[in-house]
Amino acid sequence: MIESRNMTFTDVQDIDEEIHEACGVFGIINQDDFDTARLVYFGLYALQHRGQESCGIAINDDGNITGQKGIGLVPEVFTDKILDRLEGKAAIGHTRYSTTGGNSIENCQPLIINYKDGRIALAHNGNLVNASKIRCDLENQGAIFQTSTDSEVIANLISRYGLGCNDLVEILKKTMDVIEGSYALVILTQKRLIGIRDPWGLRPLCIGKLGNSYILASENCAFDTVGAEFIRDVEPGEIIIIEEGSIKSVRTNYKRPHKFCIFEHIYFARPDSIIDGASIYQSRLEAGKLLAIEHPAEADLVVGVPDSGITAAIGFSRQSGIPYGEALIKNRYVGRTFIQPTQKLREQSVNIKLNALRKEIEGKRIVLIDDSIVRGTTTKIIVQMLKDASAKEIHMRISSPPVLNPCYFGIDIASKENLIAANYSIEEIKELIAADSLGFLSVASLLKTPVGAPPHSFCTGCFTGEYPMEIPQEMNKFSLEKC
Ligand code: SF4
């Protein structure tokens, strides 16, 4: 075993999914005769890939905002009976993976809070970098928090700025003035549905229309699911206010250079989504093609790690002329969050999810494509699985650059000591995962993959260490002693 400078390769605990998603948001003001709750349910279903820990719906029935939320997947939390109870003409929904605050029921969203004019509900995708400081300041002024999420800090500021001010836009602008980080928000008030995208446009948010009803969603794949048409993306720093069939845009002064998260293109977003004009599927195809140019291999078969490596594998195959084939079969009935009660079962979790097609790979030289290597443990197990099934050689190709830094903007990328590429050279990683060769896509090529989008319009912080904003030292430490 290669000794690590900071990490012990064989000690890494999580050998399930290496990167976790952030969250998905959805909202509608129903001007037609749709079943509002079921429409949000299907919208959340389409956004399930963005978060599988918990989900919720908040609904406005004639000014009375109530909700239902729970731990689990959308179909686990929402039964027909529950959806029947959720009546109203406007609603928002949320699918969550926790990056701030634990996975407890209090932290599930949408958050519903009382403020001077009644109630508002809020659903947030992203992560504030200055939440702990704002929270401490608010607590010192007597504020009480029900959750440990940064999203409640936003809700608290909105309710606080609402005191003595009836201008909603002013309240939202004041809130945006204070919060820093990534946020795609949908907010339900007693009369309106509001969408806000942070000034850097780090997380996606778009506008759709179904009949006479406007919809907001993290990704346009949710519009396709409910039969809505895509109108446009919300711009960085823009506030969208939807009320009784009308839509208003407020472009604030906070807009910064667009820095959309490039990892959405590599992994998080659904391939059938188009974000800020660039197709996620085409980006992944392009990444595979560029990878074949940068790191060619002498091989008989190109294989993608299901599901995230498949599209890039097709791109690699098209560029290299090496046939594309299947070599790994995924058990589609294993959920992303299946129970792993013991260390022994943890070690077997990849085998429970994936199995090799021995007859397809016996004696062959394989190019194995995955979207990223974060901790590296899963990759090692998959390489071993293919070798055990008699593959002759495994040439590992990664359709993104080495992940060297954590993410502060809502994607659960491990701290530096758990990132394999931050602790080992590429040659060492090749040995650790027991591959015959290893190649990563360069940052320069990665920035060319979102076809049609300018390369400077992306955040690449986890690869380059260059974040769009300064990261405060106390980031995410909700500690009362600090206040
Ligand atoms: S640091 Fe990486 S994962 Fe986080 S927003 Fe930037 S590109 Fe996306």
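Two residues are in contact if their C-beta atoms, placed from the backbone, lie within 7 Å. The model is predicted; local features need pLDDT of at least 70, side-chain atom pairs count only at pLDDT 80 or more, and totals for chains, interfaces and linings use all residues. Residue numbers start from 1 along each chain as its sequence is written.

**View 1. Helix α10 (residues 310-320) and its surroundings.** Helices (H or I, at least four residues) and strands (E, at least two) are DSSP runs, numbered from the N terminus. Eight of the 11 residues of α10 are buried, so the helix is largely enclosed by the rest of the structure. A buried residue has 20 or more other C-beta atoms within 10 Å of its own, with C-beta atoms placed from the backbone. Among the buried residues are I310, F316 and S320. The buried residues of α10 pack against α9 (280-294), β17 (301-304), β20 (365-370) and β21 (393-398). Just after α10, G321 takes a positive phi of about 80 degrees.

**View 2. The open sheet of seven strands.** The strand order is β3-β2-β4-β1-β10-β9-β11, with antiparallel pairing; two strands pair if DSSP finds at least two bridges between them. β3 (64-71) and β11 (229-233) stand at the edges with a single partner strand each, so one side of each is left without a neighbour in the sheet.

**View 3. Strands β2 (residues 54-61) and β4 (residues 90-96).** These strands pair in the antiparallel sense over seven bridges. G56 stands opposite H94 in β4.

Definitions and conventions:
Buried ≥ 20, exposed ≤ 12 C-beta atoms within 10 Å, placed from the backbone.
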